[in-house]
Each structure stands twice: as C-alpha cells, then as structure tokens.
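Visitor: I would like to learn how to read some features of this model. Where do we begin?

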Amino acid sequence: MGFAELWASLLPVGRDAATGGYRRYSFTAADLACRAWFREAAAQRGLREVCDRNGNMWAWWDAPAVAGASPAVVTGSHLDSVPDGGAYDGPLGIVSAFAAIDELRARGFAPARPVGVAAFCEEEGGRFGLACLGSRLLTGAVDPAAARDLTDGDGVTLAEAMAGAGLDPAALGADEELLAGIGAFVELHVEQGSGLSGLGAPVGVAEGIWPHGRWRLDFTGRADHAGTTRLADRRDPMLPYAATVLEARQAASAHGGLATFGKVVAEPGAANAISSAVRAWLDARAPDQGALDHVVSQVEAAARRAAGAHGVEVSVRRESFTPPVVFDPALRGRLISALAAAGMAAPVLATGAGHDAGVLAARLPAAMLFVRNPAGVSHSPAERAEPADCETGVAALAAVIGELAGR
Ligand SMILES: [Zn+2]
C-alpha cells in the first residue's frame, strides 16, 4: 500500500464536519479510532503491535535474531491533535513511517536491527494540558502520580480517561527497558513554519528546538453589574489581562521570541457583567534560555503592574517547560549523508515547536525530518503539505532508516 492510500484511510477519523479541523483528543472516541487504525496498519504489515504502560503505541519490524541485542531504530510521531488542528501535524510522521517500511521492503531491504514505529500519546496536551505527556512519562520527565491527577476541561482525570479506554493508569511511569532497547529516534513532521518554502526545499533536517513553555495567569477582580458600576469603582480583571496581551507582543518582538495568548476564560462569562476572574495561558518561546527568561519576566511584570493599577490580584504559574534541545550532531550528520546519497539536499533548520523527539533527545540520540508546508500554517485546518512533498518525505525517511538499520 502506498502513502496516498494509507493517508486517505486515516483522513476521516476525528474530523469535525463544520470546521474541517481535527479533534483527536486522547482516549476519546476519535483517539480510540486512531488507535484502531494504527493496529490495523501494523497488522497489515505483519508488524508486532504493543501498547506501552504510558499509552504510547509501538509497531515493531523485528530483525532476525542476531548475537547480542542490537538497539532499535524507531521512527514515528503522534496521532492526537490540538482543537481543530490540521491533518498533518503528527499523523504525517506515522503514515510516512509505515510507507517507508513498505518502500524498504519493496526494495528487498532486510534490517540488521529492529525498526519501530511509535505513536506517542497526548503529544499536543490538547486534553490534559501537558504537551508530550506520553514521551515525558516514558523518559521519567514527569511524575506518574502528578500525571494521573491531570484533569481535562470537564474535570475527568487522566487516570479515569485511561481506565475508560481499557488501560491501567497504575502502570504509568518511566520505562527504562524500552528506552534501553532504542538506539536512535527519528521523527518526521510537517514543518510548522515556512522555512523550507523559503529555501525551495521539500525536506529539511532539524537542528534543535527553542526552549518553550506555558504559563497560566489568573487575574482575580470583582464581579459587578456592567450597567450600574461606575468606572472608578470597578475591579475589572479584563483590563490588566488586555494590557498583558499587548505587552507580550512587545516583549516577544524585543527579544526575538514568540509569545501568544491563545486560550482565555472570562468568569462567569456574562455579556452584561464585569468578570470576576480572567484566566489566561501564555505560550512563550525564544531562540535561547536568556531571551525566553526576558520575555516571560517582562510579561509577568506587566501583568503585576497592570493588575495593581486596577485593584486586581494576579498569580502566575508555570504549567510546563521544555529546555532548549540540540539534536545529536552525529545522528544529524548520518541523516544528511543518507539523504545526500539518495540525491536529496536537505537544509538544516531550528524550530520553535515542541516534539516528542525533543523529549527523547534527553535520553537517546534523536533527530527530525521536516516536510515543506507551503503556507507555513499549522495547528489549523489550513495546514497542508503537497502530495509530492509527502512522497519525498517517505523517500527521505526510507533512506534514513535504511542507513541506520542497515548492516
Ligand atoms: Zn506535532
């Protein structure tokens, strides 16, 4: 089966008819359908499918038994989505992984070490708020007890959601045995910017990932009547929030980073009332740690200043953080030479987006391939990659697996 057919078989799963975006949240019906799709794709290829203790799925192309355990080459990405996300972010890496295995087999390639396809759980944090949850649990980067207590927007805990999907939340935690068996991880991902478009290249190699994180800001004021409360008497949390949003833009621009308020909740949410509280989430990213610290402290200072001026309380809490990632230079070098041998010149780029490969990079050699995104739009139904570029991505991944898993 070629890339196009496999891609088409996943495309309808979890797509919202009204927006055209994807709502593949962990352990919901859409996610369970994605998981069934993964099992089916593995079964069709005779790959050995396993779900690990953290809800990550693995499909293994086992190598013939050889003397001494040879560490595996793993490729893959994630199947979950942000709210109304695009079709490519995550699934492109998994569909390409299966298609690359098909291509290698069609060529008669026999791996000298196991090749795995991984689908990491809750990469986007779209349901439980902590990005890369599955890979963080796998590597021990997050405490399993804290993870079990994470709640979604309806107050359902991760433990409850996992149990509902037939998984055992008590088993969550680092999996050293699994990690020890992996020699390299390569994630293929749609580019989430327009770097490759600008360079005229269909495929690129990641250099590293900017440090990034999420901060929650709670502005607490006083609910009151919109028609009777004099301006001077108000403690309106919306005002310092608004000032903070504008400052975030300034701070990001001043330090060469990015700052976004993409989620905000006004309570109680009445059109004719002053809010009692405004809860907002800052997503901040920058090329280096110093610049990121500057962005966040400038936003926080502005929030405190504006809150004070309006008689509003504010608290700021870091919800998640990923330090800068520099991918293994030796592995990156092998990718570049494998691509060159296959006739592909792949530029090297940095990214501001977090990925499971970035989490795994703390524990084992990891690398990433990017596939050109013509408009550079991601986390949106408008996210796109040309079919020809997807095919080039499969060829690139096959060349890389061939290099890493060959004799
Ligand atoms: Zn992704």
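Guide: Helices (H or I, at least four residues) and strands (E, at least two) are DSSP runs, numbered from the N terminus. By that numbering, Asp84 sits in the loop between strand S3 (72-78) and helix H3 (91-106). Asp84 has a positive phi of about 55° although it is not a glycine. The model is predicted: local features need pLDDT of at least 70, side-chain atom pairs count only at pLDDT 80 or more, and totals for chains, interfaces and linings use all residues. Residues are numbered from 1 along each chain as its sequence is written, and side-chain values use heavy atoms, with hydrogens and water left out.

Visitor: What is the phi of Cys132, and where is Cys132 found?

Guide: Cys132, also not a glycine, has a positive phi near 55°. Cys132 is in the loop between strand S4 (115-120) and helix H4 (133-139). Its relative accessible area is 4%, so Cys132 is buried (under 20% relative accessible area; exposed is over 50%, partly exposed in between, with a 1.4 Å probe and protein chains only).

Visitor: How do I read a pair of packed helices?

Guide: Two packed helices are described by the angle between their axes and the distance between the axes. Axes are lines fitted to C-alpha atoms, for helices over the stretch in contact, and angles run from 0 to 180 degrees between N-to-C directions. Helix H9 (residues 238-255) and helix H10 (residues 289-309) pack at about 155°, with axes 8 Å apart. H9 and H10 are therefore roughly antiparallel (over 145 degrees; under 35 is roughly parallel, 65 to 115 roughly perpendicular, the rest oblique).

Visitor: How do the axes of H11 and H13 compare with those terms?

Guide: The axes of H11 (residues 329-341) and H13 (residues 387-405) come within 9 Å and cross at roughly 120°, so the two helices are oblique to each other. Contact means heavy atoms within 4.5 Å. The contact is made by Leu331, Arg334, Leu335, Ala338 and Leu339 of H11 and Ala396, Ala399, Val400, Glu403 and Leu404 of H13.

Visitor: Which residues have the most contacts inside the largest nonpolar core?

Guide: In soluble globular proteins, nonpolar side chains tend to be buried together. A nonpolar core is a set of buried Ala, Val, Leu, Ile, Met, Phe, Trp, Tyr and Cys residues joined through side-chain atoms within 4.5 Å. The largest has 56 residues, and Trp37, Phe38, Leu92, Phe98, Leu335 and Leu369 have the most contacts inside it. Beyond its neighbours within four places in sequence, Trp37 touches residues including Leu6, Leu10, Ile94 and Phe98.
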